[in-house]
Amino acid sequence: MENKTPPQTCRCSVSIRGLTVKKHDGLILDHIDLDVRHGEILALIGRNGAGKTTLLKALLGRCPYTGEIIYHNHRGQVIQKPRIGYVPQRLDFDRSAPITAADLLCANQSRRPVWLGCSPSAKKKAAAMLRKVGGDPALLSKRLGSLSGGELQRVLLAFALEPMPDLLLLDEPVSAVDRKGISLFYDLVTSLRSEYHMPIILVSHDLSHVRRYATCAAVLDGTILSSGTPDEVLASPDVQEIFGLGGA
């Protein structure tokens, strides 16, 4: 098992302070305080409807909130326009559409319309992006709708890592992946964390994945109920109640 303690020379981090999201029928998130530091994988767990997706939307700038989200680079300096990578639980698209993995990855590099095709230099870079995440460049020619769950997640991860983000968000990224693919995906994320040291927030309902891959964890239910090491959080009464583990 890899050492989960990152080097201490980098000071990049994400600090969330007092983050609150209100909707017409009440509070969705109430004064969230969280820190995700250099090289950490924070597992965010909680019941359905606890606000996990809303928190990710706030981090992505897709829903209004009050409070602060502060990003720091490796020198500890505040980043005004952070780069955020995002791998969703699923990608909603027309699976019959003639869009290839190359189209998606090349579109991430320029404003060139997809229907004009990829330039040779863009396709070469897209192949390098796939190799970075352990993907076969042969996937570039495949339609997105024909990819397996594991192949599509690698393409989405490659997309999320270009340019290299200041924060990587993984929203139940293996929900459509088989057991072997799950291990491969998380081993890949762990290796990327070791190499690039960006803070990572992982939303997961699988407590075994949390215990194995996360460096810290937090229980969310409208607000943060508990946080700490994975072992501390998974042994907390909050997790025992939410996941029905009492007496197990």
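I started with strand E9 (residues 216-220): five of its five residues are buried, so the strand is largely enclosed by the rest of the structure. Buried here means under 20% relative accessible area, with exposed over 50% and partly exposed in between (1.4 Å probe, protein chains only). Helices (H or I, at least four residues) and strands (E, at least two) are DSSP runs, numbered from the N terminus.

Before going on, I noted that this is a predicted model, where local features need pLDDT of at least 70, side-chain atom pairs count only at pLDDT 80 or more, and totals for chains, interfaces and linings use all residues. Residues are numbered from 1 along each chain as its sequence is written, and side-chain values use heavy atoms, leaving out hydrogens and water.

Which residues cover the two faces of E9? I found Cys216, Ala218 and Leu220 buried on one side, and Ala217 and Val219 buried on the other. In a regular strand the side chains alternate between the two faces of the sheet.

Next I checked pairing, which takes at least two DSSP bridges between two strands. E9 runs parallel to strand E3 (residues 41-45), joined by four bridges, and alanine 43 stands opposite alanine 217. Strand E10 (residues 224-228) runs antiparallel to E9, also with four bridges; there, isoleucine 224 is the bridge partner of leucine 220. Three residues lie between the strands of this hairpin, and I logged a positive phi near 80 degrees for glycine 222.

**Helix H1**

Six of the eight residues of H1 (residues 52-59) are buried, among them Leu55, Leu56 and Leu59. Glycine 61 follows H1 with a positive phi, near 75 degrees.
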